[in-house]
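Trainee: I have just opened this one and would like a hand finding my way around. Could we go through it together?

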Amino acid sequence: MSNSTLKFLGSDSGFGDNNNSAYIEIDNKLIIIDCGITVFNNLKKKFNFNKYKDIKVIITHLHNDHAGSLSQFILYLWHIFNKKAKVLSACKNIKEYLKITGTPDEAYTLVNIDTNIQFIETEHVKELDCYGFQLKINDKTILYTGDTKTLNPFLPYIKNSNELYVDVSKNGGVHLKFDDIVQDLQKIKQNGTDVYLMHIDDKEYIAKKSNGEFEIK
Ligand SMILES: [Zn+2]
Ligand SMILES: [Zn+2]
């Protein structure tokens, strides 16, 4: 049984059946991390949104597997539940993105700074600005890479983080290649930070290579 603070709606890479997306529920608050094209359906099935006083959506970047149903979700909360989502994101074009997908300004609030969260810009693809973040929640400090091809921007934050959620892949390219960083991850774990693997293109391969050492989401 996993003790991870984040639960996952999906942890597939971009073309998988369930886009990488996580959530945390605390009392009547819900935080969702990324809202890709497959996520809206999963959210709709899983949660009774009447229950929550505060619904936040953190968006790491604007690829469709991370933001593709964001507008849909905001509209759904607004029209069906009369609730205003709070979007947390540092993405430069998110306002424009929501505008051209028909999201009324009054249906959401958008902030790039909030207590307990710090966005960390990383490198993923040249077309988009992309962010991971450090989040303090439930007495835990969580470090989440989002999609990234490098661990470097996150290194200064690892020592102070209880849990690391890291984008890994078999093939590398615009994502971290598992074989290249497995030793770094082993050290991180030895130094006391729990490591969780996510956004995985080939779970069988990663499971075999990680050999039970890391939890696969
Ligand atoms: Zn992705
Ligand atoms: Zn991406």
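Predicted model: local features only at pLDDT ≥ 70, side-chain atom pairs only at ≥ 80, totals over all residues.

Trainee: Okay, which strands does β3 pair with?

Mentor: Strand β3, residues 29-33, is joined to strand β2, residues 21-26, by five bridges, and these two run antiparallel, with A22 standing opposite I33 in β3. β3 also pairs with strand β4, residues 54-59, in the parallel sense over five bridges, and there L30 stands opposite I55 in β4.

Trainee: And what sits between β2 and β3?

Mentor: Those two strands form a hairpin with two residues between them, and D27 in that turn has a positive phi of about 50 degrees.

Trainee: What kind of unit do β3 and β4 make with helix α1?

Mentor: Together with α1, residues 39-46, they make a β-α-β unit that is right-handed.

Trainee: Why is β3 described as largely enclosed?

Mentor: Four of its five residues are buried, so β3 is largely enclosed by the rest of the structure.

Trainee: Switching topic, what is the strand order in the open sheet of six strands?

Mentor: The order is β7-β8-β9-β10-β11-β12, and the pairing is mixed. The edge strands are β7 and β12, each of which pairs on one side only.

Trainee: Where does the mix show up?

Mentor: β7, residues 117-122, and β8, residues 130-137, run antiparallel and are joined by six bridges, whereas β11 and β12 run parallel and are joined by two bridges. As landmarks, T122 stands opposite C130 in β8, and Y196 stands opposite E215 in β12.

Trainee: What about β8 and β9?

Mentor: They pair in the antiparallel sense over five bridges, and they form a hairpin with two residues between them, where N138 in the turn has a positive phi of about 55 degrees.

Trainee: Now the helix α6, how far apart are its ends?

Mentor: The end C-alpha atoms of α6, residues 178-190, are 17 Å apart, which agrees with the 18 Å that its 13 residues should span at 1.5 Å a residue. The helix does bend, by about 25 degrees at D184.

Trainee: Which of its residues are buried, and what covers them?

Mentor: The buried residues of α6 are F178, L185 and I188, and what covers them includes α5, β10, β11 and α7.

Methods:
Residues numbered from 1 in each chain as written. Chains lettered and ligands numbered in written order. Expected span 1.5 Å × (residues − 1). Bend = angle between axes of the 7 residues up to and from the residue. Buried ≥ 20, exposed ≤ 12 C-beta atoms within 10 Å, placed from the backbone. Contact = placed C-beta atoms within 7 Å. Pairing = 2+ DSSP bridges. Right-handed = clockwise from strand over helix to strand, strands pointing away.
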